[in-house]
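Student: Hi! Could you walk me through this one?
Tutor: Happy to, let's bring it up.

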Amino acid sequence: MRFRHRAAAGFATLLLPLAGLVGLASPAQAATNATATYTKTSDWGTGFGGQWTIKNTGTSSISSWTVEWDFPSGTSVTSAWDADVTSSGTHWTAKNKSYDGTIAPGASVSFGFNGAGPGSPSNCKLNGDSCDGTTVPGDAAPSAPGTPTASNVTDTSAQLSWGAATDDKGVKNYDVLRDGKVVSTVTTTSYTDSGLTAGTDYSYTVQARDTADQTGPVSGAVKVHTTGSGTNPPPSGDKVKLGYFTEWGIYGRNYNVKNLVTSGSAAKITHINYAFGNVTNGQCAIGDAYADYQKTFTADQSVSGAADTWDQPLAGNFNQLRELKAKYPNLKVLWSFGGWTWSGGFAQAAANPTAFADSCYNLVEDPRWADVFDGIDIDWEYPNACGLSCDTSGAAAFKNVMAALRAKFGSSKLVTAAVTADGSAGGKIEAADYAGASQYVDWYNVMSYDFFGAWDAQGPTAPHSPLTSYNGIPKAGFDTADAIAKYKSTGVPASKLLIGIGFYGRGWTGVTQDAPGGTATGPAAGTYEQGIEDYKVLKTSCPVTGTVAGTAYAHCGSNWWSYDTPSTIAGKMSWAKSQGLGGAFFWEFSGDTSDGELVNAISSNL
């Protein structure tokens, strides 16, 4: 998790289907003497260009105009021209500039904007009336129905019921959506969905339509798991076996969710952390919209074996994770926010923990993908201490944030955090109230790796993931055992601590001696970043020379690397069990071999 976020969507535009680039003009809905029409002018994967055109269809001039519309959560205007654009939540308002407010009969003006996210505008109004030139039939579209409840769930069916929506003109009917797609339209507040698959997860939402055919917002989502046997039997034991999947891995690394299936890893883990969501402006935010929910995968890249279509409601990694969970129903997925690069946003978030938690809940539980995620993970590097930047939010800030998240997500969702492994005296563990926060979390992912590396370009060489201390260790307390011991001494239960494993090595060049403690001239060359290389490469390019402090090191030519192997992982899992820890986690899947030998070492020894 200390890896920098790799923004690799610069070439993503080339992958978009042609149909997604064509701005289909739609008379969204305008005043009785004018219309407003929206056109999507361009799309580059992580963003798009939009344009509104206001036309005077009446017989007298218009002196000013205001266009209002709603975007779904996760879609926003990032810049605009020829109008003053503001927002309140998901509601957007554009007012004319001083130079383009007057529109003669038959004439039109346009304003443009750049946006982020996948959504299209809805509920458009022009000067208070409908954008299609008719009078708005009421003050608002229908309200959202109540979140559905499920009952009488069988192998192949589920009965749903929900609270009625309200509308000033009356509700005509309800659309029932399964996994974001309408499966039925009913006039009552209940529906039984049939023809389902045994042992499978489904997500249901409902939206209302009034007598003027205005569609209201989608309700909250209910998750339904049909009875019967699935394809993923419960894992043996009760230990957590968690891996990080990075959103950017689908680019240069060409590592897709499907690789979790072909490697055999999906059947050997219990949880996935999807990394990363951003933390900005005091809120949780999308990390990479294209990778998250826009990219379409071909049949050979897809978990289901079916190609995505350009117009399906949800694509990207989120849909692939949904397909993975359908195949392995016991697998849980958390959305991880922050990471090394985006941890700078937590200080502002901590200033208003309740608002931050609300934003995270609204994003994680967005109806488009609410069924994908079973909770949230916070990767704050580091509370009240220095990481990429220094944070002075105070020792209580972390506890306050985790308390707010638990209050918002409730007891049915997982709330976890990745935390420092700095067990030194006066170190990062002591900078925040991790013990106080532990009552609100299901577990902590203790980042017991990256203790030493080629940021100290001249060395001394040292294993980046030592299990224990050893003679000559460059800094006391920089090892897994000391970190775990310190957390326990503060009052964090051992069952809420997971040991961390790196599926990569860190190395130096210009090294002459085999044993740790040698001098160096700089970082060894790496495929993606200097001083770092995947295990799947190192196991053959620089085989193990020896072990120290429960991990392996390798000296080949002038390079010196340290990394974990199936053998050292077995030792660490044995140690974790002896300490009563809650399990293990690793960063990250794509560093493993194609047959998942490191995942297997964790699973079979834990």
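**A sheet and a helix pair**

Tutor: In this predicted model, four strands make up an open, antiparallel sheet, and their order is β13-β12-β15-β16.

Student: Which strands sit at the edges?
Tutor: Those are β13, residues 181-186, and β16, residues 222-225, and each of them pairs on one side only.

Student: And how much are neighbouring strands turned against each other?
Tutor: On average by 30° in this sheet, with direction ignored.

Student: What about β12 and β15, how many bridges do they have?
Tutor: Seven bridges, in the antiparallel sense, between β12 (residues 171-178) and β15 (residues 201-210).

Student: Okay, switching to helices. At what angle do α7 and α8 cross?
Tutor: Roughly 45°, and their axes come within 8 Å. Helix α7 covers residues 353-364, and helix α8 covers 397-409.

Student: Is the crossing left-handed or right-handed?
Tutor: Helix α7 passes α8 in a right-handed crossing.

Student: Nice. Which residues meet there?
Tutor: From α7 you have Pro-353, Thr-354, Phe-356, Ala-357, Asp-358, Cys-360, Tyr-361 and Val-364. On the α8 side they meet Asn-400, Val-401, Ala-404, Leu-405, Lys-408 and Phe-409.

Student: How does that contact split by class?
Tutor: There are ten nonpolar residues, two polar and two charged where α7 meets α8.

How values were computed
Residues are numbered from 1 along each chain as its sequence is written. This is a predicted model: local features need pLDDT of at least 70, side-chain atom pairs count only at pLDDT 80 or more; totals for chains, interfaces and linings use all residues. Side-chain values use heavy atoms; hydrogens and water are left out. Two strands pair if DSSP finds at least two bridges between them. Helices (H or I, at least four residues) and strands (E, at least two) are DSSP runs, numbered from the N terminus. Axes are lines fitted to C-alpha atoms, for helices over the stretch in contact, and angles run from 0 to 180 degrees between N-to-C directions. A crossing is left-handed if the near helix is turned anticlockwise from the far one by less than a right angle, and right-handed if clockwise. Contact means heavy atoms within 4.5 Å. Ala, Val, Leu, Ile, Met, Phe, Trp, Tyr, Cys and Pro count as nonpolar, Asp, Glu, Lys and Arg as charged, and the others, Gly among them, as polar.
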